[in-house]
Amino acid sequence: MGKQLNISELIARSQKIRELYHQLEVEHHGSEWTIEEDALAFLTDAALVGRLTMSLQGRWPKENTLPELHHKLGETIWWVIILADRMGVDINTALNDFLTKTEDLLKK
């Protein structure tokens, strides 16, 4: 198992990577991606998680699925962190609020 990361470290590393991608976007397209383009990229990767899950379960014909699924799961988490950051949402608070609310609902 890899290094255990805390959410602050995940956010900082994610932001740094996004900034590097922004530089490539400007270099190749003259401007950074919009939040909407980031959201579309996230949705595309999330859809690929679904397709790779189908493959892993033998419901879609693709070989050697696990390494790509591993990557796409990490990438979708990265996108969620980036989207939250770009829209001014504190992902740590959002996640904690969701977990607390859900735990409370399920206790009843």
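This is a predicted model: local features need pLDDT of at least 70, side-chain atom pairs count only at pLDDT 80 or more; totals for chains, interfaces and linings use all residues.
1. A quick definition to start: a residue is buried when its relative accessible area is under 20%, exposed when over 50%, and partly exposed in between (1.4 Å probe, protein chains only).

2. Residues are numbered from 1 along each chain as its sequence is written, and side-chain values use heavy atoms, without hydrogens and water.

3. Lys72 sits in helix α3 and Asp45 in helix α2, 27 residues apart, so the pair links distant parts of the chain. Here a salt bridge is a side-chain nitrogen of Lys or Arg within 4 Å of a carboxyl oxygen of Asp or Glu, and helices are DSSP runs (H or I, at least four residues) numbered from the N terminus. The count by this rule is nine.

4. Lys62 pairs with Glu68 too, with their closest N and O atoms 3.0 Å apart. Lys62 is partly exposed because its relative accessibility is 38%; Glu68, at 30%, is also partly exposed. Elsewhere, salt bridges with shared partners tie Arg18, Glu25, Asp38 and Arg86 into one network.

5. Asp38 deserves a look: it lies in helix α2 (residues 35-56) and counts as buried because its relative accessibility is 0%. Beyond its neighbours within four places in sequence, Asp38 has contacts (heavy atoms within 4.5 Å) with Arg18, Trp33, Trp79, Ile82, Leu83 and Arg86.

Notes: Helices (H or I, at least four residues) and strands (E, at least two) are DSSP runs, numbered from the N terminus.
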